[in-house]
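Q: Could you take a close look at one helix for me, and tell me how it sits among its surroundings?

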Amino acid sequence: MNFDNIKLDKAGSEPLYRQLAEQLKLAVSRGDLSEGEKLPPIRAWKEVLGISPVTATQAYEVLSDEGFTTGQVGRGTFVRSLNRKSLAVAEPIQNTLDKYNPGPAGYTTTTPSASLSEIITYQKFNRSTRVQRFLQGALARYQSSASSSDDMIVMSSGGPAPELFGVRRWEKAMSQAGESLSKDGILDEGRHQHLQYGSPLGDLPTREWMAGYLQRFGINCQADEVLLTTGSQQALDLVARVFMGPGDMVLVESPTYVSALEIFESRGINWLPVPLDENGLQLDVLERLAERYHPRLLYTVPTSQSPTGVTLSAERRVRLLELARRFNFLIIEDDTCNEFYYEAENLPHALKHYDAEGRVIYLKSFSKIIFPAVRFGLLVAQGTLMEKLAEAKSVFDRSTSTPLSRAVLKFVNHSAFETELREAWKLYRERRDSLRDNLEQELAGTGCRISRCEGGFSMLLTLPRGIRAEEFHLEAAEQGVAVLPGPVFYPVPAEAPDNTVRLSFGDNTPQRLEEAARRLSLALRNLQYRSQRQNRDAGFITAV
């Protein structure tokens, strides 16, 4: 390919590195750049286009992140073998339902003749890797900025408040768990059969307590309808293994939880993204998709949704179950932190509450309730669904750790637990209110919008038109705030709006959140000022 044919609009609003990356991607998709072809060295672009090595490096990072190239140390950057179907640009689903033909986002294949080095360098689109690169880029920008003497305010973790971690109570719970298991051994005449490989459902006393706990969300289930897991991600992986396969159509919120997207993408599924509004899933869009594509299941976080914080209204919950019956699809209900719904003392009924047919698989995590290092969760299912899930659990993991399960039981089955939950609810609601109120004040008149965060630990900030999320996240880092660009949370990157960022508040005090809002406002106004100045300069040059 003749790289001299590439033209960049240096007076335009789109960053030069993005322009270069898009033109190179287009060349790959058209076949102008063939598999294995070497791209020019980073420094060569200065002669070709008059751009800096930093700009060329950023463009190559985009190509690598999106699976178009692979780099080999000491040799250079090469075009990767691509599935041509995955290069098609998807049009917005709500506008072009008749033309929509989703495919596994970023999914590529290697050929049987691939060498060992090619297999080692092969990598599918990886969202977690992109998240880490965003964070590393933010840290590098912050450390090189003039304001790096101040503490960086991290709003990208999505984690709970560490001051709430009941470490001492956990230590006592583990000790009590050991005593409880020793007592079971004595009652078992010293044979300790309960410490052998047990039921794939997990520890029975723990499951019995959990069945009672779930009644607060309107879920009535028996212990044999509860399966214990090592966190919610294992539960998601288990469901994906059992009920998803390559080519299956799956409905999913857009945007949604990154780890769920990665787990499902590993199965080679086809996305059917459903947009959200302030009341949750837009069911009219979901209905049209279900009628046309006959999806296998829906993945949803109906309460305290991640990353927006919105909650599906009660009316839509009832209608969603009607649609599931009508179009015969399963629902995966992911409950990360229903306990932290801030709009009322009475928690919303789970989707599972309305499930008369047993088509909802309910997932529950305790990572944000106890602390993340306690990898413990559960799922609830009935009949054949539970039979299939238990069979798969026995193959892949046999059973969740009995000592861990018993320690969790001792921790939560204590009078202090409910008190701690109420205190955590108050603390997180105060932090949500602090961030929301300060953002509304600092960003007034800028054209920004904030998602209706009714629960959870994060909200989505929509920036004014012309302000790209990746630019904003770097400018925010320069001002001392780490945020995550919103597009990484969307199932189909080509459809993601490029002007959203996720803001997490759970592990920051109200004082730090007030300062974060001030810094974010400064970052936005800096970008707007530079954009306006570029437009004025471009107009002057045109007039001359």
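Predicted model: local features only at pLDDT ≥ 70, side-chain atom pairs only at ≥ 80, totals over all residues.

A: Here is a walk along helix α11, from its span to its faces and its end. Residues are numbered from 1 along each chain as its sequence is written, and side-chain values use heavy atoms, with hydrogens and water left out.

So, α11 itself: it covers residues 314-327, 14 residues in total. Helices here are DSSP runs of H or I with at least four residues, strands are runs of E with at least two, and both are numbered from the N terminus. From first C-alpha to last, α11 reaches 20 Å, close to the 20 Å expected at 1.5 Å a residue (that is, 1.5 Å times one less than the number of residues).

Now the sides. R317, L320, L321, L323, A324 and F327 are the buried residues of α11; buried means under 20% relative accessible area, exposed over 50% and partly exposed in between, with a 1.4 Å probe and protein chains only. Looking down the axis, those buried residues fall within an arc of 160°, so they line one face of the helix. The arc is taken from the directions from the helix axis to the C-beta atoms. On the other side, E315 and R326 are exposed.

What does the buried set pack against? The partners are the strands β7 (280-281), β8 (297-300), β9 (330-335) and β10 (360-365), plus helix α10 (283-293).

Definitions and conventions. Contact = heavy atoms within 4.5 Å.
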